[in-house]
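The following note sets out numbered points for a colleague who wishes to read this model closely. Please keep the structure in view while going through them.

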Amino acid sequence: MAPAAFAQHGTSQALLDAQLELWHHAFGYIKSMALKSALDLRIADAIHHHGGTATLPQIVSKVVIHPTKIPCLRRLMRVLTVTGVFTVVEHPAVAGEHVYGLTPSSRLLVGSRNQAPFINLSLDSIIMSPFLGLSKWFQREELQDQTLFEMTHGQNPWDLADQNPNFGELFNNAMVSDSSFVMDIVVKECGDVFQGISSLVDVAGGHGGAAQAISREFPHVKCSVLDLPNVVANAPSSTEVKYIAGDMFKGVPPANAVFLKWILHDWSDIECVKILRNCKKAIPPRDAGGKIIILDIVVGAGSSKLKHRETQVLFDLLIMFINGVEREEQGWKKIIFEAGFSDYKIIPVLGVRSIIEVYP
C-alpha cells in the first residue's frame, strides 16, 4: 500500500472508530430497555425455573409472549447475551438451538438477593423521563429554583410517591431491596464499625430494613429508626427495632452512633451540615464511642476500573435531578468539618459505595 493510501486508510479508520464511539453512547438506552424487557417478561425467572439454563422454547413456556413475537425474543436474547446479562452456548444435541444461562449479575434478579425492584425503579418512565429535558433545565433561567424532577412531574419524588400508589410501592420496594442486599454485606464484611456501640439510630431509615439487619447481627446494639410520622405510621410492629416519628432537620434522638444510609446525597451542602450538626448533638464524645456511620458514594474511592468510576458519576448525574450530589472526598470533608466534627475515615469496601466513619 502506498504511503498516501495508508495514511488515508488510517484517517478513515479513525473516523469510523469515532463514529462507533458516538453510536455506542447513543444506543446505550437500548441496552437499558432490553434489560427492562427482561425484567418485565421475567426471563431470568424462567431460566432459573429450569435450573439456571434454558433453551428459547423453555423460556417461552414460562413467559407471557405472543407466539408471533418469538423470533423477536431471540433477537432480544442476543442483545442480552452480547451485553453480558445472560450467557449463551450452542445446544449440544439440537443443531441451531441455543442454551441460555444466568450470569452473576442476572442471578441478582432472582432469589433472596433479588435486585429486580431497584432496577425496575431505575428504569421506570417516571425516573427516566426527566432526563429528556436535561438540556432545557440547564438553559432556562426560570427553572433555576426547580429541580429537573420537579420540572417534569411538578413535584418532588417523595410527594409523588405519596400521591401515586403504584410509584410509591415501586419506590419502597426498591429501597427495601437495596437495604436488604447491601446490609447483608455490611454486617458480614464491615462488622467492626458496629463494635463498641450499645445503641444506634438509623436516620431517615424508612421501615427499618437496615436497622433490623444490624439488630439481628449485633443483638447487643439497641436500634431505633427516625423518620417522618407518615412513614413511622406504617412501620412493622413485629421487630426489635424502635420507631420514632420526627424530622432530622429538627433533631435526632440520642444514641452511641447515628447511621445514615444513602441520605446525604439527596441534600445540598447547607442541608447536610444541618443534618450532621443534629447528629453530632445526639452522640457522645469520641472517647465515649460516639460516631456517625455514613453509607454513601465517595466519587473516586474504591476500584480504578472504568465501569466503577463511570457508575459513580452516572449516579451523580442521576441524583442531580433532585438537586442531590454524589461527593468526592473533598466534598465530604467540607461538610463534615463545617458540621463541627474532628475527623473521618473512608472505607471503600461496598462496590461503588463506601462507609464513612465520622468522629466528633
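1. A crossing of two helices is called left-handed if the near helix is turned anticlockwise from the far one by less than a right angle, and right-handed if clockwise. In this predicted model, helix 2 makes a left-handed crossing with helix 5. Helices (H or I, at least four residues) and strands (E, at least two) are DSSP runs numbered from the N terminus.

2. The model is predicted, and local features need pLDDT of at least 70, side-chain atom pairs count only at pLDDT 80 or more, and totals for chains, interfaces and linings use all residues. Residues are numbered from 1 along each chain as its sequence is written, and side-chain values use heavy atoms, with hydrogens and water left out.

3. Helix 2 (residues 28-41) packs against helix 5 (residues 70-82) at about 120 degrees, and their axes lie 10 Å apart. Axes are lines fitted to C-alpha atoms, for helices over the stretch in contact, and angles run from 0 to 180 degrees between N-to-C directions. The two helices are therefore oblique to each other; angles under 35 degrees count as roughly parallel, over 145 as roughly antiparallel, 65 to 115 as roughly perpendicular and the rest as oblique.

4. On the side of helix 2, the contact (heavy atoms within 4.5 Å) is made by Ala-34, Leu-35, Ser-37, Ala-38 and Leu-41, and on the side of helix 5 by Leu-73, Leu-76, Val-79 and Leu-80.

5. An open sheet is formed by 3 strands in the order 1-3-2, with antiparallel pairing. Two strands pair if DSSP finds at least two bridges between them. Strand 1 (53-55) and strand 2 (86-90) are the edge strands, each pairing on one side only. Strand 2 is joined to strand 3 (residues 98-102) by 5 bridges, and His-98 in strand 3 is the bridge partner of Glu-90. Helix 5 lies across strand 2 and strand 3, at about 110 degrees to strand 2.

6. Where is Ser-198 found? Ser-198 sits in the loop between helix 11 (165-189) and strand 4 (199-203). With a relative accessible area of 42%, Ser-198 is partly exposed; buried means under 20%, exposed over 50% and partly exposed in between (1.4 Å probe, protein chains only). Leaving aside neighbours within four places in sequence, Ser-198 is in contact with His-220, Val-221, Lys-222 and Asn-256.

7. The chain has 16 helices and 10 strands, and 43% of its 360 residues count as buried.
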